Amino acid sequence: MTSRKPLIVANWKMNTTPSEGKELAQSIADNIIEPTDVLDVVVCPPFTGITTVRSALSGTKITVGAQTASTATNTALTGEISVQMLRNIVTHVIIGHSERRTIFGESNKSIAAKAAAIGKAGLTPILCVGESIDQRKAGHSAKEVANQLRSSLDSFEYWRNLVVAYEPLWAIGTGTASSPLDAQNIASSIREELRNIAGKTESTKINILYGGSVNSNNIGNFMKQNDVDGTLVGSASLDPLEFVKIVTVAARYS
Ligand code: PGA
């Protein structure tokens, strides 16, 4: 149970064409009990679906996010989408997802630049941090997460606009979620680290999410934890009724 307003984020990754995204968003909008002042919901489709998903969700309080962004602006970088381009069409941007760190080689340094640019643009970065299975086995989870957090927030100063998502690599897309207690322990160490970086007042206001194989059966146990303020959902967010169920269960703990 959290004193902060919980946040549920859907990460659709590379799934859905613009019309499929519209249909999925419409189905979520039709079935969701409108998130009220007690809970925020953000849906992150691929870039190509942002416009159709936004129109399907207009009239609801669900907002739309992006899955990454480039810090470059108006320059020769074929294929990139900048923070500026996203400015008036999304509320949140996921950064540092482990798939981008491992597959695209994104460093803490480049993630720090993204966090700063996104915050400066008035958007909310959802900063993902998490340890590998080897780091976990070696008992280094909290240390690795703290390192990522510190380096990725190096030049950050927009504390009112920050969400941190703890996503252990071994739990993403595997069907094996972290235990709620382990998630709480890492979330609490993240809050402690945020306290060092951002100060006590700000650190108590920042939403810390857990992500990795979350579904409607296990979300309740995560939401019971003091420092877990919501979730970042991958696979389960592609089934509209399952996603709505996750939001409904989470709302009970807000
Ligand atoms: P998952 O993905 O819910 O499918 O484990 C989570 C994520 O990658 O954000």
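Ser 141 is found in helix 7, which spans residues 141-152, where helices (H or I, at least four residues) and strands (E, at least two) are DSSP runs numbered from the N terminus. The model is a predicted one, in which local features need pLDDT of at least 70 and side-chain atom pairs count only at pLDDT 80 or more, while totals for chains, interfaces and linings use all residues. Residues are numbered from 1 along each chain as its sequence is written, and side-chain values use heavy atoms, with hydrogens and water left out.

Ser 141 has a relative accessible area of 10% and is therefore buried, a word that stands for under 20% relative accessible area, with exposed meaning over 50% and partly exposed in between (1.4 Å probe, protein chains only). Leaving aside neighbours within four places in sequence, Ser 141 is in contact with Glu 131, Gln 135, Arg 136 and Ile 186, contact meaning heavy atoms within 4.5 Å. Asn 11 is 130 residues from Ser 141 in sequence, and their C-alpha atoms are 23 Å apart in space.

Around the ligand there are 13 residues, the closest being Lys 13, His 97, Gly 173, Ser 213 and Ser 235; a residue is counted here if one of its heavy atoms lies within 4 Å of the molecule.

| Residue (polar side-chain atom) | Ligand atom | Distance |
|---|---|---|
| Lys 13 | oxygen | 2.6 Å |
| His 97 | oxygen | 2.7 Å |
| Ser 235 | oxygen | 2.5 Å |

Taken alone, the ligand exposes 280 Å², of which the protein buries 98%; accessible areas come from the Shrake-Rupley method with a 1.4 Å probe, and for residues only the protein chains shown count as cover.

Ser 213 lies in the loop between strand 7 (207-211) and helix 10 (219-223), and its relative accessibility of 17% makes it count as buried. The side chain of Ser 213 reaches the backbone oxygen of Ala 171 at 2.7 Å, and, when residues up to four places away in sequence are not counted, Ser 213 touches Ala 171, Gly 173, Thr 174, Gly 175, Thr 176, Ala 177 and Asn 218.

Ile 219 lies in helix 10 and counts as buried at 0% relative accessibility. Val 249 is 30 residues from Ile 219 along the chain, yet their C-alpha atoms are separated by 7.1 Å; with the same exclusion of residues up to four places away, Ile 219 touches Val 214, Thr 231, Ile 246, Val 249 and Ala 250.

In helix 2 (residues 50-57), the residues Ile 50, Val 53, Ala 56 and Leu 57 are buried. They lie on the same side of helix 2 because they cover an arc of only 130 degrees around the axis, the arc being that of the directions from the helix axis to the C-beta atoms. Their cover includes helix 1 (18-31), strand 2 (40-44), strand 3 (63-66) and helix 3 (83-86). Gly 59, which follows helix 2, has a positive phi near 95 degrees.

A search of the whole structure finds zero disulfides, a disulfide being a pair of cysteine sulfur atoms within 2.5 Å. Cys 44 is in no disulfide, and the nearest cysteine sulfur, that of Cys 128, is 9.4 Å away. Cys 44 is buried, with a relative accessible area of 0%, and Cys 128 counts as buried at 1% relative accessibility.

How values were computed
Polar contact = N/O pair within 3.5 Å; in protein donor to acceptor, adjacent residues only side chain to side chain.
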